[in-house]
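Please keep the sequence and the model in view while reading.

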Amino acid sequence: MTAPISLDVTALDLDALAGFEGRVVLFCEPDGKLSQPARRVNRLTKGALERFLGSKAFESLKEGDAADLAFPVGMAADAVQVVKLSRRADASEARKAGAAVGRTKGHKALLLVAGNLKSVEDVMLGVALRVYDFTAHLTKDKDAEGGVTVMVSKPEEVSAEGVLALAEGVFFTRDLVNEPSNILTTTEFAARLEGLKDLGVEVEVLEEDELEKLGMRTLLAVGQGSESPSKVVVMQWKGGADEAPFALVGKGVVFDTGGISLKPAGGMEDMTMDMGGAGVVSGVMKTLALRKAKANVVGLVGLVENMPDGKAQRPGDVVKSMKGDTVEVINTDAEGRLVLCDVLWYTQERFKPTGMINLATLTGAIIIGLGHEMAGVFSNDDGIADAFLKAAKAEGEGAWRMPLAPAYDKQLKSRVADMKNVGGRPAGSITAAQFLQRFVKEDVPWIHLDIAGVASVAAGTEFAPKGATGWGVLALNRLIADGYEK
C-alpha cells in the first residue's frame, strides 16, 4: 500500500537553513512583513527575498499560492518556495497552501519553515495528501522520496502522528479505489481488510454459505454470475465504553459490467472504482484505529462482482431480501442498492447502531445533478444530516443535501413484487435513495451518501491527482470525533 511521506517535526533552527539540500518552504505574510526566518533567508540570499516580497509577482499571488526563488544564492537548496500565508490563516487556507507545496515537491527533501504558524498541522496534511501517487503497477525504477522536515517554534504542540493517521486512511481508500479489478478481487479486498487486525480492529469475513443462511439473497444475486465469491466483511473498532456503535456501510462492487444489462464498452474500464463506498468505509476504519478513537464504530462492506454469465441474474427476476421484502430486478445494472439493502438490514439487526451512514457510487444521475464537486446527501434525520454537512464543510469535502419524499415511491411500484429496483430516469438518484430507505428502521438516524461523482475524478482535485480522491474519510472521521467520541 502507498505510504504517506515521512513527517519529522523539529525545533526552529535558523542556522540549518543555509546548508539544507532540497526545497526550503517559507511562509510569508500577505503584507510582505519579514518574520524571523524570512529575515535570515533574506540575509543569506543577499536581499533577493525582500525584493520578491515587494514585487508585483508576490502582490498578484492569492493567499495560499506559492512561487519559487530557484537556486538561491547563499543557500544549498534547489529553491526557496515562498508561500503567501498569514500566520493566523484558518485550516482551509492552510491546507490549500500545503497542497500547493505538495504539487511541486518532486522527489527532493522538503523543509517547511513554519515557525509559529497557527495551522501548521493543516499545512502538513495538505502536503501529505497532495504528494500521493499510485505507482503499484509501474515497472520502472522510482526515485527515492525525500521526506519532510517541519521546523516550528513549539514542536511539542505539533502532532505528526495525528496528521499521518488521517493521511493513511485517505491513502488506503485511494489505493483500493485505484486498484484494477484483476488485482482487487473480492477475496483480495477482504484479505486487505483483515490486515486491519494488526491495528486492533476486529475483522470477520462472512462467506457465501453464511450469507445464504442469513437470507442475503439480493446481495448474492448480484454476484452469482461471477467466479469471485461474494462476501461481507465486518470491521469493529471498540474504542468507547459499552454504548451501541455508530455504523458505516459501503457498497463494494469490485467491477461492474452492468451484468445482463450490459454497460457500453466506452468508459467501462472506470468501473474498477465501483467499490468506492467500501473503500471509504475501510479508510475511515483505518484512521480511527491509528488515532485510537474513543468511540465504538462498525464498518460493514458488501463485496461482489457484477458479471454477465449463464448463472447471472436476469432482468425480470424476483429476489427476496434479508428483510423479507421482494424485489423485481428491472435492470441488473442497478445492483448497488441490492447489495446495500441486505447489509443495511443485517447491520441494524446485529448491532442496533446509534446512527448509520452508507456510501456508494450508486447513480450516474447524481453526477448530472451535482457534477464532480459534491456528493449527494439523503437522510431521514435532520440532526445527523446537519452534523455531517458541518463536518464535510469543515474538511472541505463537498456535500449537498438532496430530498426524500413518499411521492417518489410510486416510481418503485412493481406488478409482481413488493418493489422494483429502479424507478425510471426521472429523479434517478432520489428513487435509489427511496429504495434504500425501505431497509432502514424508523428509529435509526441514517444517511445515504451517493459518491459517484466524487470518488474518482479525471482531472484531479486540489488535494489529489487524477483518479481516486479518498473523499469522505476526513468528513466521516470528523463527524465521529465531534459527535460520537467520549
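In what follows, two residues are in contact when heavy atoms of theirs lie within 4.5 Å. The model is a predicted one.

**Val297 and its surroundings**

- Val297 is part of strand E10, and with a relative accessible area of 1% Val297 is buried.
- Leaving aside neighbours within four places in sequence, Val297 is in contact with Met235, Gln236, Trp237, Pro245, Phe246, Leu248, Met285, Leu288 and Ile480.
- Val297 and Thr354 are 57 residues apart along the chain, and their C-alpha atoms are separated by 9.8 Å.

**Nonpolar cores**

- The largest nonpolar core has 92 residues. Within this core, the residues that touch the most other members are Leu112, Met235, Ile357 and Phe388.
- Helix H6 gives the most to this core, contributing nine residues.
- Ile357 touches Phe246, Ala247, Leu248, Val249, Ile384, Ile447, Leu449, Leu476 and Leu479, when residues up to four places away in sequence are not counted.
- Another core, of 40 residues, lies apart from the largest one. Val234, Val339, Phe351 and Leu412 are among its members.

**Helices H6 and H10**

- Helix H6 (residues 160-178) packs with helix H10 (residues 276-290) at an angle of about 155°, and their axes are 8 Å apart.
- Angles over 145 degrees count as roughly antiparallel, and H6 and H10 are therefore roughly antiparallel to each other.
- The crossing in which H6 passes H10 is right-handed.
- On the H6 side, the contact is made by Ala165, Leu166, Glu168, Gly169, Phe172, Thr173, Leu176 and Val177. On the H10 side, the contact is made by Gly276, Gly279, Val280, Ser282, Gly283, Lys286, Thr287 and Leu290.
- Sorted by class, the contact of H6 with H10 has seven nonpolar, seven polar and two charged residues.

**Helices H4 and H5**

- Helix H4 (residues 91-103) and helix H5 (residues 120-130) have axes 6 Å apart and pack at an angle of about 40°.
- This angle makes H4 oblique to H5.
- H4 and H5 meet in a right-handed crossing.
- H4 takes part in the contact through Ala91, Ala94, Arg95, Gly98, Ala99, Val101, Gly102 and Arg103, and H5 through Asp122, Val123, Leu125, Gly126, Val127 and Arg130.
- The classes represented in the contact of H4 with H5 are seven nonpolar, three polar and four charged residues.

**Helices H13 and H15**

- Helix H13 (residues 382-394) and helix H15 (residues 473-483) cross at roughly 125°, and their axes come within 8 Å.
- This angle makes H13 oblique to H15.
- The crossing of H13 and H15 is right-handed.
- Ala387, Phe388, Ala391, Ala392 and Ala394 of H13 make the contact with Ala475, Leu476, Arg478 and Leu479 of H15.
- The contact of H13 with H15 divides into eight nonpolar, no polar and one charged residue.

- Leu164 belongs to helix H6, and with a relative accessible area of 21% Leu164 is partly exposed.
- Residues under 20% count as buried, so the value of 21% places Leu164 in the partly exposed class.
- Leu164 touches Pro4, Ile5 and Leu7, residues up to four places away in sequence being left out.
- Leu164 and Ala3 are 161 residues apart in sequence. From C-alpha to C-alpha, Leu164 and Ala3 are 9.4 Å apart in space.

- Most residues other than glycine have a negative phi.
- Phe71 is not a glycine, yet has a positive phi of about 45°.
- Phe71 sits in the loop between strand E3 (66-70) and strand E4 (79-84). With a relative accessible area of 65%, Phe71 is exposed.
- Lys292, also a residue other than glycine, has a positive phi near 55°.
- Lys292 is located in the loop between H10 and strand E10 (296-306). At 52% relative accessibility, Lys292 counts as exposed.

Terms used. Residues numbered from 1 in each chain as written. Predicted model: local features only at pLDDT ≥ 70, side-chain atom pairs only at ≥ 80, totals over all residues. Heavy atoms only, no water. Axes fitted to C-alpha atoms, helices over the stretch in contact; angles between N-to-C directions. Helix = DSSP H or I, 4+ residues; strand = E, 2+ residues; numbered from the N terminus. Parallel < 35°, antiparallel > 145°, perpendicular 65-115°, else oblique. Left-handed = near helix turned anticlockwise from the far one by under 90°. Nonpolar A, V, L, I, M, F, W, Y, C, P; charged D, E, K, R; others polar. Core = buried A, V, L, I, M, F, W, Y, C linked by side-chain atoms within 4.5 Å. Buried < 20%, exposed > 50% of the residue type's maximum accessible area, 1.4 Å probe, protein only.
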